[in-house]
Amino acid sequence: MEQRHLGRTGLRVSRIGLGTLTWGRDTDEHDAAELLKVFWEAGGTLVDTADVYGDGEAEYVLGQLIEGLVPRRDLVISTKAGSVADPDRRFDGSRGHLLSALDASLARLGTDYVDLWQVHAFDPHTPLEETLQALDLAVSTGRARYAGVSNFCGWQLAKAATWQLSAPGPRTRIASTQMEYSLLQRGVEREVLPAALDLGVGLLPSSPLGRGVLTGKYRGGTPAGSRGASEHLAPFVAPYLDDTASGIVDAVQTAADDLAVTPLQVALAWVRDRPGVAAPIVGARNAQQLTAALSVETLSLPDEICRALDDVSAPVHHYPDQDWSTL
């Protein structure tokens, strides 16, 4: 699998990443092992997790598979911290919480370091410079090799990345931002992606298949065993089952028919090759789904197909997101 630099850093990652959101909950250790083995054998390196996935079980399962199944040196392990199970405070970006969470993640993963450590979301109740200091400490102490953010809007990302580049003393460059991005969710193109491109931050798209909807599996209803049929994941899928999404899914199917490939391959290739994207994170439920996603490695969409998909999925941009002088 082709490797790409993560933003303006020396870290190289496979251009498709493996997500572990369901590990330890819907995906047991046996299925996780099969997924990791298939991913590794295909040349995949980037494995994404977080301390809250499965209440820590995702990290634990991944930790059990390192070395015994796949050499640690062959993986780029990314985890996140900052989300908390507190109804009054969803995110805690304080230095104390973040560093304690990192130590707990390392213990569950059974490793001395993670390759990429990301702040899971912006905490409006903690000074941003305090949150960023936790990243500096994690890297300077060797517990993380690189650092990034997740779910930061445009101004938050720009402020964080600029602070790290301009503040005095040894600072850790923001290497990545992880955000939802697909043909069904192009909101990052307004401000996040331009900021990332300008500041040398690599984009790691989550839910690149529109929470599974872009595969076309929901065109005839909600299939049994799908995330849309799951009690705890149905609300996650529901926003992308409207008429607007249906039109985009139909266009993806048409493109797939023209190219003699699958809708999954079309949707994933589109987001993988967008400017600024380092590696979409794919959350497959089984090895068959993952193999289907990894088959996109040999596919590059023709320019006319890309333009057609761009047009049918174009988000509505108004002032000041576009050149206001033409309005």
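In what sense do strand β6 and β7 pair, and over how many bridges? Hello everyone, let's start there. Strand β6, residues 114-119, and β7 pair in the parallel sense, over five bridges. Two strands count as paired here if DSSP finds at least two bridges between them. Helices (H or I, at least four residues) and strands (E, at least two) are DSSP runs, numbered from the N terminus.

A quick word on the model. It is a predicted one, where local features need pLDDT of at least 70 and side-chain atom pairs count only at pLDDT 80 or more, while totals for chains, interfaces and linings use all residues. Residues are numbered from 1 along each chain as its sequence is written, and side-chain values use heavy atoms, with hydrogens and water left out.

Back to our pair of strands. V114 has A144 as its bridge partner in β7. Between β6 and β7 the chain passes through helix α4, residues 128-140, in a right-handed β-α-β crossover. Right-handed means that, with the strands pointing away from the viewer, the path from the first strand over the helix to the second runs clockwise.

On to β8, residues 174-180, which pairs with β7 in the parallel sense over four bridges. Here A147 stands opposite I174.

Is β7 enclosed or open to the outside? Five of its seven residues, 144-150, are buried, so β7 is largely enclosed by the rest of the structure. Buried means under 20% relative accessible area, exposed over 50%, and partly exposed in between, with a 1.4 Å probe and protein chains only.

Now the whole sheet. It is open, has eight strands with parallel pairing, and runs in the order β9-β8-β7-β6-β5-β4-β3-β10. At the edges stand β9 (202-206) and β10 (281-282), each with a single partner strand, so one side of each has no neighbour in the sheet. Helix α3, residues 95-109, packs on the sheet and touches β5 (76-81) and β6. Contact means heavy atoms within 4.5 Å.

Finally, the cores. A nonpolar core is a set of buried Ala, Val, Leu, Ile, Met, Phe, Trp, Tyr and Cys residues joined through side-chain atoms within 4.5 Å. The largest has 85 residues, and W23, L36, W117 and L157 have the most contacts inside it. Helix α9, residues 263-272, gives the most to this core, with seven residues. Apart from it lies another core of 11 residues, including L6 and L204.

How values were computed. Axes are lines fitted to C-alpha atoms, for helices over the stretch in contact, and angles run from 0 to 180 degrees between N-to-C directions.
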